[in-house]
Amino acid sequence: MSTAEPRGERAAAARLVATRLAAEGVDGVIVGWVDNAGVTRVKTVPVQGLESAARWGVGAAPCFDAFLVDDSLAPGGGPVGDLRLVPDLAGLHRLAAQPGWAWAPGDRYAQDGTPHPGCQRLFARRAADALTARGLAVLAGIEVEWIVEGGGDGAAFEDGPAYGMRRLIGHGDYLRDLLRALREQDLTVLQLHPEYTEGQFELSVAPTGPVEAADTALLVRHTVQAVSHRHGLRASFAPVTDPEGVGNGGHLHLSLWRDGRNLGHGGDGPHGLTCEAEGFLAGVLAELPALLALGAPSVASYLRLAPGRWSGPYRCWGRENREAALRLITGSAPEQANAEVKCFDAAANPYLAVGGVLAAGLAGLDRGLRLPPETTGDPDGAAERLPASLGAATAALRGSAVLGAALGEQLLRSVLAVREAEAARFAGRTAAELVDAVRYRY
């Protein structure tokens, strides 16, 4: 089921879905999207209104394209106009940790039913479709990292060493409930473990198509927040929650496939890459400075993106090199080979991040690019640093012909406006002030 289907077909499908949801005790449906600042926005309808929402959409003003992380507006975010937010029923899930609610990702359309050129999810879909047209497919997954802190109701907060059993024991009931909720939502969890920073955890799920991977990352984050709330905890996905800490990444894993074969294995290129896979990854590497404006979009992102934190601050690639922005993972079986974009974080709109990477990879493939020499050790002093500020990343995006063409004039313009406005708004803030400003916005 796609939002591109005729309105009558969408409505008929929604009628059946609504009947099933009502029988399962669902009262309301959340239709969500993510703005250019990376903040999740929502509209809701009663379950009885799902059919109308699928047919006609729900009103969502275009001014959200200009929202900053603190709900102020970038220039151009005026009061005029309206869009229709249409739920994609293929991505609808009953929310196990929010009884009575279901959630679906939304696509945005103009009043006449034409796609809104500023819709980030439709941008990601176009990029995925461009690969499909060439007989290629991408499997993708986005790691979810977060930090929990004791809630305001006096709930006890226990912690322990990085990757330590003590932390797992201290939060065992919380993590068990999270696993149960994700399983009830038909998500396949691959790993869940304590991470490096105090109160930090990481979760990964099975790879899917690229747009679906972005949907899944949002659904996982919503579930983490809901389960945390029920346990008297607060979850933060912000790039940095402590100026001295390593922060939360949003690493994007992806593999390129043709005719059921993983192109990251069995080729003549570095570590078995095929010619197509190498060209794709070379295109991503070439555009990484500009891609940072999509995948590391917060001023606070650049507190995290620093040497020594294994955040991928260097424009280089390497097999199992966790300080390189592009990490190659060969795996122990052909189907496991993939690449990881490590410099992204959870402040990113996942549709912008995924769509941008696909567009960059496709451009590299079409141009026949090849990877530069591999960085086999610590990149410090041996590789180029990626932009160290949001302003520098935004300038790189403004100068990228590849991403400019892929995003289109309107979406590019709105992304640049938000990035420049946030850089100006938070200029001169200390690291502690930046952390306080964004800690619970993501």
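Author: Let's start with A395 and R398, which are exposed on one side of helix α11; exposed means over 50% relative accessible area, buried means under 20%, and partly exposed is in between, using a 1.4 Å probe and protein chains only. Before going further: this is a predicted model, where local features need pLDDT of at least 70, side-chain atom pairs count only at pLDDT 80 or more, and totals for chains, interfaces and linings use all residues. Residues are numbered from 1 along each chain as its sequence is written, and side-chain values use heavy atoms, with hydrogens and water left out.

Back to α11, which runs over residues 390-398 (helices are DSSP runs of H or I with at least four residues, strands are runs of E with at least two, and both are numbered from the N terminus). On its buried side you'll find L390, A393, T394 and L397. Look down the axis of α11 and these buried residues fall within an arc of 100 degrees, so they line one face of the helix; the arc is taken from the directions between the helix axis and the C-beta atoms. An α-helix has 3.6 residues a turn, so residues three or four places apart point the same way. And what do the buried residues of α11 pack against? Their partners are α8 (288-295), α9 (301-304), α12 (401-407) and α13 (409-425), with contact meaning heavy atoms within 4.5 Å.

Now for some rings elsewhere in the chain. W33, F64 and F67 form one aromatic cluster. Rings of Phe, Tyr and Trp (its six-membered ring) pair if their centres lie within 6.5 Å, and planes under 30 degrees apart are stacked, over 60 edge-to-face, and the rest tilted. By that rule there are 4 aromatic pairs. One of them joins W33 and F64 edge-to-face, 5.2 Å centre to centre with 80 degrees between the planes. This pair links distant parts of the chain, 31 residues apart: W33 belongs to strand β1 (residues 28-34), while F64 is in the loop between β3 (58-60) and β4 (83-87). F64 also pairs with F67, this time tilted, at 4.8 Å centre to centre and 40 degrees between the planes. W33 and F64 are both buried, and F67 counts as buried too, at 13% relative accessibility.
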